[in-house]
Amino acid sequence: MTSDQHERASDRCAEALMLLEEEQSEPYDIVVKPYNKKNQRSIDQNNRYWHIIREAANEIGYTTNELHGIMSVQVLGVNKIANLEGEPVDVVVQTSSLNVTQFAEYMERVEALLIEAGFYNPTTMSREVVIL
């Protein structure tokens, strides 16, 4: 972005913020941070993961969400946090918190576990990956 384009974009943001503050009668903050695409798993990764989970879930008899939860616990584990009463509870580590590299490693472990258990065979399962 050129300096002139940057200035115009900044002006438009400032104008939009002033209008919003006038309309809502309350102040707002703007947070600007660098966009880091490499920290987000790719659509291809996501499609491949859900393809593996769907194929194995169909083989085993679980729903895709059930198998996803099982794999998350088995591979990523849980975090202990305090509930509202202050008692410790286990919370599943969310795959959405993983960056591209971590998600690739997670996916490899899931696939290996499912292959080892006999519930997924990448050479005989459907090769069609549905893109949502």
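Predicted model: local features only at pLDDT ≥ 70, side-chain atom pairs only at ≥ 80, totals over all residues.
**Helix α3 against helix α4**

Two packed helices are described by the angle between their axes and the distance between the axes. Helix α3 spans residues 64–76 and helix α4 residues 100–116. Their axes lie 10 Å apart, at an angle of about 105°. Angles of 65 to 115 degrees count as roughly perpendicular, and α3 and α4 are therefore roughly perpendicular to each other.

On the α3 side, the contact residues are L67, H68, M71, S72, Q74, V75 and L76. They meet Y106, R109, V110, L113 and L114 of α4. By class, the residues of this contact are 8 nonpolar, 3 polar and 1 charged.

**Aromatic pairs**

The whole structure holds 4 aromatic pairs. Two of the pairs involve Y49, as tabulated here.

| Pair | Centre to centre | Angle between planes | Geometry |
|---|---|---|---|
| Y49 and W50 | 5.3 Å | 75° | edge-to-face |
| Y49 and Y106 | 5.5 Å | 45° | tilted |

Y49 belongs to helix α2 (residues 43–60), and Y106 to helix α4. The pair therefore ties together parts that are 57 residues apart in sequence.

Which residues make up the aromatic cluster? Y49, W50, F103 and Y106 form it. Y106 also takes part in the contact of α4 with α3.

**Accessibility**

Buried means under 20% relative accessible area. Y49 has 1% relative accessibility, so Y49 counts as buried. Y106 is buried too, with a relative accessible area of 1%. W50 has a relative accessible area of 22% and is therefore partly exposed.

Technical notes
Residues numbered from 1 in each chain as written. Heavy atoms only, no water. Axes fitted to C-alpha atoms, helices over the stretch in contact; angles between N-to-C directions. Helix = DSSP H or I, 4+ residues; strand = E, 2+ residues; numbered from the N terminus. Parallel < 35°, antiparallel > 145°, perpendicular 65-115°, else oblique. Contact = heavy atoms within 4.5 Å. Nonpolar A, V, L, I, M, F, W, Y, C, P; charged D, E, K, R; others polar. Phe/Tyr/Trp six-rings, centres within 6.5 Å; stacked < 30°, edge-to-face > 60°. Buried < 20%, exposed > 50% of the residue type's maximum accessible area, 1.4 Å probe, protein only.
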